[in-house]
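Student: Hi! Could we go through this one together, starting with the overall layout?
Tutor: Happy to, let's have a look.

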Amino acid sequence: MLHEQEYVGLLIAVAQRTVKLAAQRHARTLGLTARQFWFLNAVRELSGASLGEIARRQRMDAPTASRLAESLARRGLLRTAHDDRDRRALRVLLTPAGARLAEKIAPLAASVRSAVVRGISRREQQALRTCLRKVIANLEVFATEAGDEREVHAGGGA
């Protein structure tokens, strides 16, 4: 198949798997999964952020973020504390052991991020971000419409 004929969705999926594998190689040496690796890195980068802020930054749903935080807390790498200003919000904080590990993660995360964009100009990176955000928005609309369509066919529509 010619490169111009490759499906965009397939290329995005392959790119995502490749990034995950690259992160897993680094994460595994630290006894972490790729998601734990990126989550701890986000907690380090967003010092004192809420669980919701970290979830949004990592583009994951709240239950996934909560499970990750709980598993890392059980390992003594982070803790959560209620926000003094908003009792509904949980602040995610690194423990001393978590901070030491996060400092080891930082250069590894930077190297993965750098590898992703190697040879791509800043302008191309911005265009890629814009296009990927459009793809995400398109698929969110598509998924919503597909859900609406199922409701209509199941008798739940007007």
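Student: So what pattern does the protein chain follow along the sequence?
Tutor: Reading along the sequence of this predicted model, you get α-α-α-α-β-β-α-α. In total the secondary structure is six helices and two strands.

Student: And is the protein chain compact or spread out?
Tutor: The protein chain is more spread out than a compact globule, because its radius of gyration is 19 Å, well over the 15 Å that the globule rule gives for 158 residues. The C-alpha trace spans about 50 × 45 × 30 Å along its principal axes.

Student: How many of the residues count as buried?
Tutor: Of the 158 residues, 25% do. As for the surface, the chain exposes about 11100 Å², with carbon and sulfur atoms supplying 56% of that.

Student: Switching to charges, how many positive and negative ones are there?
Tutor: There are 27 positive and 16 negative charges, and their mean positions are 10 Å apart.

Student: Let's zoom in on Thr95. Where is that residue found?
Tutor: Thr95 lies in the loop between β2 (90-94) and α5 (96-117).

Student: Buried or exposed?
Tutor: Thr95 has a relative accessible area of 15%, so it is buried, the cut-off being under 20%.

Student: Which residues is Thr95 in contact with, leaving aside neighbours within four places in sequence?
Tutor: Those are Gly76, Leu77, Leu78 and Arg79.

Student: And for the whole chain, what share of contacts between residues at least 6 apart joins residues at least 24 apart?
Tutor: That share is 55%.

Terms used
Residues numbered from 1 in each chain as written. Predicted model: local features only at pLDDT ≥ 70, side-chain atom pairs only at ≥ 80, totals over all residues. Heavy atoms only, no water. Helix = DSSP H or I, 4+ residues; strand = E, 2+ residues; numbered from the N terminus. Buried < 20%, exposed > 50% of the residue type's maximum accessible area, 1.4 Å probe, protein only. Contact = heavy atoms within 4.5 Å. Rg over C-alpha atoms; globule rule 2.2 N^0.38 Å. Areas by Shrake-Rupley, 256 points an atom, 1.4 Å probe, with all protein chains shown as cover. Lys, Arg positive; Asp, Glu negative; His and termini not counted. Charge placed at Lys NZ, Arg CZ, Asp CG, Glu CD.
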